[in-house]
Amino acid sequence: NDGLGLFTGTATHAYGYRDKQLESGDWLVSGLTKEKANRNGKLLAVYRASEIAQNRGKKYVKVKNLVSDQILRDLYIGHAKAGTIQFGSQYSIIVDFVDSPDVADNCVTDVLRETCKTIEASSAMQEIAQFLKFKKAKK
């Protein structure tokens, strides 16, 4: 699914997510932003993963793997010189959804820490929502 263009707000220039269920049953969730700092990409990825968890009736997002934390660039060749144009950044994680937290590394607050193995979905959404503003659907 693409949720590109869904978000604005204090997560400056944040512009959306992509998600897809893998053959393994896990999900690949990406947050995409129009800026160099990828904190907002992570905000979007964790928020979207938390939404999916809640939609599936699960309380926790289990972070299985960080796939990418990268700056998106493209090569261009101009009249005078060649260079790169930066389009933004992408943060991608592989997640699953579970009913019980990881005993040692569950995060209820400060959900963007690298040490979070499970994240409480409702708390994550509440914490992250203050940085997002949802665009109204066009009629």
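This note goes through a helix pair and a pocket in a predicted model.

1. The helix pair consists of α1, which spans residues 39-55, and α2, which spans residues 121-129, and their axes come within 9 Å and cross at roughly 140°. That angle makes α1 oblique to α2, because an angle has to be over 145 degrees to count as roughly antiparallel. The crossing of the two helices, α1 and α2, is left-handed.

2. Where α1 and α2 meet, α1 brings Leu43, Val46, Tyr47, Ser50, Glu51, Ala53 and Gln54, while α2 brings Ala121, Ser122, Ala124, Met125, Ile128 and Ala129. By class, the residues of this contact divide into 9 nonpolar, 3 polar and 1 charged.

3. Turning to open space in the model, the largest pocket holds about 170 Å³. Its lining is made up of 14 residues, and those closest to the centre of the pocket are Val63, Tyr91, Ile93, Glu114 and Cys116.

4. As for the elements around the largest pocket, those that give two or more residues to the lining are helix α1 together with β4 (60-77) and β5 (82-98). Among the contributors, β4 gives the most, with 4 residues.

5. The lining of the largest pocket divides into 8 nonpolar, 1 polar and 5 charged residues.

How values were computed. Residues numbered from 1 in each chain as written. Predicted model: local features only at pLDDT ≥ 70, side-chain atom pairs only at ≥ 80, totals over all residues. Heavy atoms only, no water. Axes fitted to C-alpha atoms, helices over the stretch in contact; angles between N-to-C directions. Parallel < 35°, antiparallel > 145°, perpendicular 65-115°, else oblique. Left-handed = near helix turned anticlockwise from the far one by under 90°. Contact = heavy atoms within 4.5 Å. Nonpolar A, V, L, I, M, F, W, Y, C, P; charged D, E, K, R; others polar. 1 Å grid on protein atoms, 1.4 Å probe; cavity = no way out; pocket = protein on both sides within 12 Å on 5 of 7 lines; lining within 4 Å. Points joined across faces, edges and corners; volume = space filled by probe spheres on them.
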